[in-house]
Amino acid sequence: MSLPKDFLWGFATAAYQIEGSHNVDGRGPSIWDTFSAIPGKIADGSSGAVACDSYKRTSEDIELLKSLGATAYRFSIAWSRIIPLGGRNDPINQAGIDHYVKFVDDLLEAGIQPFITLFHWDLPDALDKRYGGLLNRVEFPLDFENYARVMFKAIPKCQHWITFNEPWCSAILGYNTGYFAPGHTSDRSKSAVGDSAREPWIAGHNMLVAHGRAVKAYREDFKPTQGGEIGITLNGDATLPWDPEDPADVEACDRKIEFAISWFADPIYFGKYPDSMLKQLGDRLPTFTPEELALVKGSNDFYGMNHYTANYIKHKTGVPPEDDFLGNLETLFYNKAGDCIGPETQSFWLRPHAQGFRDLLNWLSKRYGYPKIYVTENGTSLKGENDLPLEQIVEDDFRVKYFDDYVNAMAKAHSEDGVNVKAYLAWSLLDNYEWAEGFETRFGVTFVDYVNNQKRYPKKSAKSLKPLFDSLIKKD
């Protein structure tokens, strides 16, 4: 059991979750600044205004990465630091560009490869207000391409670009359930605006086209001289049938992955939406124009995979409600026989089940022709971690075991199943702002003391990854 000798590993974060400095050096507001200010939207009423203060602590974060032995670091750029109003005719903020240019230079000097995400959910608020943000089929892809070009030009040294992080979350949580910014939903007790049956599919379509535009720009105008690569990061859970003897549950397992992942991956690899989605959603799923299709099909140099958990899947019968986004099925933690899929964590949606990681790596590889896969997020929260004293928090054996189990499952997928996995970025380097869950849920390998000047304390898990990867990565 092993990983290839050029395998990269390290940690991942996102701008709004760690940077803070929300009004420093010309940064404009994002939809998350606006959303987190609405009472009741965030579990603890907090925001990312300060978070881990990483905007001001880049050298400290790099020292931490070096001390842990990381060879790669994935972070995201705050679009509203680069173009505060977001649009292609709006002013560019040089101070924002300079910050990230220096950060990349410092990472490379430390021997750490940057993986840069262009969009990790923090749309400039001005674009949401100006034309509906992700819902605008004409303006949004053009503005995203412009922003991407600004970054490609500014940071020629970056060899690994990610266009969108988890577009499923932006579309479904942002425009169906209203759980994430901008909070659209058909539930009028939660939002005055939104159409849960239609808006998420429009947002997803427009992100695919925007991704395609950025990829075309990079390949034609930057890749020939810079030599890097570009792709998208998609999230999805592993699936097991609630009743393995019921063909309808077995079939629903595939359908669940199709509604989560293939919604985006099928257009990129095959040039069409999955049949299961077309069948259920009909004309609510936008139709690609020939121009859009030319942009989207074939637009991945690698597959970015975010993965955390697994579910038992039980099919439903009858007509699904209009706002259904799962594929007419239930996701459960117990199967028909009463088996539990994995232990509880602080996150209601997350239960460790490492075999599911291997299974999903194989599912994706078989469906999409064994593409190069970068695992761009994987990690866990711990039930009640935030309530423990510091000396117990840093002894995070549960997280150590999670990483051990999941990384070994990945290594088996590579060495025994032929999966072409080339990088692993653990979520996350730091405890950080966990979106609608605020600061109550911690995912970091490093404890951040939010009440005492954001001081960092590496946990046991932080130091467990280097020996783990040293034991698995092939030597010359």
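The largest cavity in this predicted model has a volume of about 110 Å³. Here a cavity is a set of points, on a 1 Å grid over the protein atoms alone, where a 1.4 Å probe fits but cannot get out; grid points are joined across faces, edges and corners, and a volume is the space filled by probe spheres set on the points. The lining of the largest cavity consists of 15 residues, and Ile 18, Glu 19, Thr 58, His 99 and Phe 103 lie nearest its centre. A lining residue has an atom within 4 Å of a point. At least two lining residues come from each of α1 (15-18), α3 (58-68), β2 (72-76) and α5 (94-109), where helices (H or I, at least four residues) and strands (E, at least two) are DSSP runs numbered from the N terminus. By class, this lining holds eight nonpolar, five polar and two charged residues; Ala, Val, Leu, Ile, Met, Phe, Trp, Tyr, Cys and Pro count as nonpolar, Asp, Glu, Lys and Arg as charged, and the others, Gly among them, as polar.

A search of the whole structure turns up three cavities of 30 Å³ or more.

Residues are numbered from 1 along each chain as its sequence is written, and side-chain values use heavy atoms, with hydrogens and water left out. Local features need pLDDT of at least 70 and side-chain atom pairs count only at pLDDT 80 or more, while totals for chains, interfaces and linings use all residues.

Conventions: On a 1 Å grid over the protein atoms alone, a cavity is a set of points where a 1.4 Å probe fits but cannot get out, and a pocket is an open set with protein on both sides within 12 Å along at least five of seven lines; lining residues have an atom within 4 Å of a point.
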